[in-house]
Amino acid sequence: MNNTELQRIKQRYNIVGNCNALNRALDVSLQVAPTDLSVLIVGESGVGKEIIPRVIHDNSPRKREKYFAINCGSIPEGTIDSELFGHEKGSFTGAIGESDGYFGTANKGTIFLDEVGELPLATQAKLLRVLETGEYIRVGGQEVRKTDVRIVAATNVNMRKAVSEGKFREDLFYRLNTIPVQMPPLRDRGEDILLLFRLFAMQMAEKYRLPKITLTDDAKQIMLHYKWPGNVRQLKNITEQMSVLSEQREITADMLTDFIPRDPDSTQLAIIEKGGKHSYESERDILYQILYELRGNVSDLRRDLNTVRKQLEETRALNGARGFEPLPEKHHDAIPVPAKHAVAETPASDNLIEFAEAEEISEPEVLNLSDVGRQMVEKALERNNGNRKKAAQELGISDRTLYRRIKQYGLDSK
């Protein structure tokens, strides 16, 4: 394709850029347009894959027929067959009439299947039949229908990997991939990044009557070395943000880092600081942090147990029962946390075992229901209609202790 034809196409579809990979994709698109061969456009999300099928359709013999762009990933799996191939009246709940589907409506035209890698396997089999024979059957129907449709597909999925994992049919992949078109990521397009920035900045200035933003030389270098994980879509969004939010219209390198990271190897917009308040140098430090938190929980539990015991002692005193000694408080505030590089001096396992033994809590035998008596247990069960959990709460004991006393008094046989 000569340069004049290439520039005409770029101007018609508002395509900005001069990199060889982009020119190659446009060249292949124009060469395949007069044919009916299937085309598979491959590229990362946000690189502008949707332009290629439009170029192919508008420069093909089908240009006066219908063109449909369908996002396969946005259609629910339960309705995608109906959307693509149509359905008969009453074939499913809500099918109040007949539908031709996209393949019936777009006869003689072009269908662009975006995110084709998201198609369910059952739908893939039906699509393969359309590609090979032009035949399909409506959902709920039996009549074989014919359609003459040019299919252009696009995906940001690694199709060969999807085939190897059984997520995409191998025969359909090769049928779609008759003519592959590779759209380059923005990070590989060099000076096109600055050309696109100027375009988006100019569009914002004209649309919202704002002074046009520009870049300093240092800022341009950051733009050129950033990896642009979101590609052209991300560049447009960032340009729009700077056009609206920046008070100064000349964007410096320091100002630019408010919108993209300074690290040229980063592919994330957020900068994560190394180290920090809640970071840990090793798993051993994490274990000690957990133990500190556990110590606080155990202390709270011990206080709650003493409160319950005091209440139970008052109840026993009213009934003439013997009291009990309160649970002594134990303090473990001084848990040794080893300093860095001192692991060999104080083995973690010894400290952890010592801590676990010190904080071990077993149910005290001082909660002896022999003093409360069989009669109190019976009355508590009667008042709570046999509900053991409620009876145990009334007596101030655990469910397990009540269960043992019921077995001891033979009340479970009643």
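**Entry 1: a helix pair.** How close do the axes of helix 9 and helix 11 come, and at what angle do they cross? I am working from a predicted model here. I looked up the pair and found that the axes come within 9 Å and cross at roughly 45°. Angles from 65 to 115 degrees would count as roughly perpendicular and those under 35 as roughly parallel, so helix 9 is oblique to helix 11. I also noted the hand of this crossing, which is right-handed.

**Entry 2: who touches whom.** Next I listed the residues of the contact. From helix 9 come Ile 193, Leu 196, Phe 197, Phe 200, Ala 201 and Met 204. They meet Val 232, Leu 235, Lys 236, Thr 239, Glu 240, Met 242, Ser 243 and Val 244 of helix 11. Sorted by class, I have ten nonpolar, two polar and two charged residues in this contact.

**Entry 3: the largest pocket.** The largest pocket has a volume of about 430 Å³, and 21 residues line it. Nearest its centre I found Asn 14, Gly 48, Ile 51, Phe 200 and Val 232.

**Entry 4: what the lining is made of.** Which helix gives the largest share of the lining? Helix 9 does, with four residues. Helix 2 (20-32), helix 3 (51-58) and helix 11 (231-245) are also among those that each supply at least two. By class, I wrote down 13 nonpolar, four polar and four charged residues for the lining.

Conventions: Residues are numbered from 1 along each chain as its sequence is written. This is a predicted model: local features need pLDDT of at least 70, side-chain atom pairs count only at pLDDT 80 or more; totals for chains, interfaces and linings use all residues. Side-chain values use heavy atoms; hydrogens and water are left out. On a 1 Å grid over the protein atoms alone, a cavity is a set of points where a 1.4 Å probe fits but cannot get out, and a pocket is an open set with protein on both sides within 12 Å along at least five of seven lines; lining residues have an atom within 4 Å of a point. Grid points are joined across faces, edges and corners, and a volume is the space filled by probe spheres set on the points. Ala, Val, Leu, Ile, Met, Phe, Trp, Tyr, Cys and Pro count as nonpolar, Asp, Glu, Lys and Arg as charged, and the others, Gly among them, as polar. Axes are lines fitted to C-alpha atoms, for helices over the stretch in contact, and angles run from 0 to 180 degrees between N-to-C directions. Angles under 35 degrees count as roughly parallel, over 145 as roughly antiparallel, 65 to 115 as roughly perpendicular and the rest as oblique. A crossing is left-handed if the near helix is turned anticlockwise from the far one by less than a right angle, and right-handed if clockwise. Contact means heavy atoms within 4.5 Å.
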